Amino acid sequence: MKLSNNKILITGGASGIGLGLTERFLQEGNKVIICGRREKLLKEVAQKHPSVVTRACDLSKEADRIDLYNWINENHSDLNVLINNAGIQNWMNITDEDFYDKANDELTTNVLAPIHLTKLFTQLSDITTIINVTSGLAFIPLSKIPVYCATKAFLRSFTLSLRHSLKAANIEVIEMIPPALNTDLGAKGLHNDFPPVSDFVTSIFEQLKEGKTELTFGTSGDRAKANNETIQEYFNMMNP
Ligand SMILES: NC(=O)c1ccc[n+]([C@@H]2O[C@H](COP(=O)([O-])OP(=O)(O)OC[C@H]3O[C@@H](n4cnc5c(N)ncnc54)[C@H](OP(=O)(O)O)[C@@H]3O)[C@@H](O)[C@H]2O)c1
């Protein structure tokens, strides 16, 4: 993808990886629109970066996804990049009473929402690029976040098919595959020991400049290439 002069929607663009991408795409000379549930957080980002356009929405709600698309279509119909970054991570066990409800939330936010947004936004005539944020955990699961890992494996699979099927329409499909990074994903503090988002974003932009479409960083590179034996070794190490 070209790295400047785009109009980009970044879901979950007010925190963590999304915020890192927001700030870097701004630096590179792009117009950035961000959305998320927390209005206060969106406002804070807009105060720091006045050119950022914000929209509060809950992507787990079908009506909000449709409203978001209609609003973009009316006000920013020249949007050409969609970044499906928003996601949630639930630490849980099949024996938990609320397991099914939490699984439902994760499936809706991490799977249904990006699928639905992709369907909606590929209707925009200027769309050139879809970026899906999956995870190194799409390849080797951590059993304490069983549904989260499965949602990322789903999104990776969907992304491969999407890349193939949108070729004819000249729409590029890029997958960002972060390893564990220091964000508030799952809950504050869970990811404190992992690398900063800034290092990830620097590497991702180098790979985008090289024209790569599967962007890894640190351990996610090895995991994405692992054979069955290595997957089992990693699995045993990650799930002692
Ligand atoms: N950090 C890691 O270790 C890691 C590793 C691999 C992949 N990832 C992926 O990277 C993406 C970003 O995560 P992050 O680490 O940056 O964590 P984060 O800071 O918690 O970011 C998640 C973002 O998604 C938004 N979001 C969640 N549910 C939403 C909903 N229903 N509607 C609208 N927005 C919603 C959140 O905003 P609101 O709460 O305001 O709605 C937040 O801005 C996720 O897809 C995650 O799975 C993260």
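This is a predicted model: local features need pLDDT of at least 70, side-chain atom pairs count only at pLDDT 80 or more; totals for chains, interfaces and linings use all residues.
Visitor: What is the relative orientation of α4 and α5?

Guide: The axes of α4, residues 99-121, and α5, residues 146-165, come within 9 Å and cross at roughly 15°. Angles under 35 degrees count as roughly parallel. The two helices, α4 and α5, are therefore roughly parallel to each other.

Visitor: How many nonpolar residues does the contact of α4 with α5 hold?

Guide: On the α4 side, the residues that meet α5 include Phe99, Leu107, Val111 and Ile115. Their partners in α5 include Pro146, Tyr148, Phe154 and Leu162. By class, the contact of α4 with α5 has three polar residues, one charged residue and, as the number requested, 13 nonpolar.

Visitor: Is the crossing of α3 and α4 left-handed or right-handed?

Guide: Helix α3 spans residues 62-75, and its axis lies 10 Å from that of α4, at an angle of about 30°. Residues of α3 that meet α4 include Arg65, Ile66 and Tyr69, while those of α4 include His116, Leu117 and Phe121. This contact of α3 with α4 comprises eight nonpolar, two polar and two charged residues. The crossing of α3 and α4 is right-handed.

Visitor: At what distance does a polar side-chain atom of Tyr148 lie from an oxygen atom of the ligand?

Guide: The ligand is surrounded by 28 residues, and Tyr148 is listed among the closest, together with Ile17, Arg37, Asn85 and Thr183. Tyr148 also belongs to the α5 residues that meet α4. From a polar side-chain atom of Tyr148 to an oxygen atom of the ligand, the distance is 2.6 Å.

Key:
Residues are numbered from 1 along each chain as its sequence is written. Side-chain values use heavy atoms; hydrogens and water are left out. Axes are lines fitted to C-alpha atoms, for helices over the stretch in contact, and angles run from 0 to 180 degrees between N-to-C directions. Helices (H or I, at least four residues) and strands (E, at least two) are DSSP runs, numbered from the N terminus. Angles under 35 degrees count as roughly parallel, over 145 as roughly antiparallel, 65 to 115 as roughly perpendicular and the rest as oblique. Contact means heavy atoms within 4.5 Å. Ala, Val, Leu, Ile, Met, Phe, Trp, Tyr, Cys and Pro count as nonpolar, Asp, Glu, Lys and Arg as charged, and the others, Gly among them, as polar. A residue is near a molecule or strand if one of its heavy atoms lies within 4 Å of it. A polar contact is a pair of N or O atoms within 3.5 Å; within protein, one must be able to donate a hydrogen and the other to accept it, and residues adjacent in sequence count only if both atoms are side-chain atoms. A crossing is left-handed if the near helix is turned anticlockwise from the far one by less than a right angle, and right-handed if clockwise.
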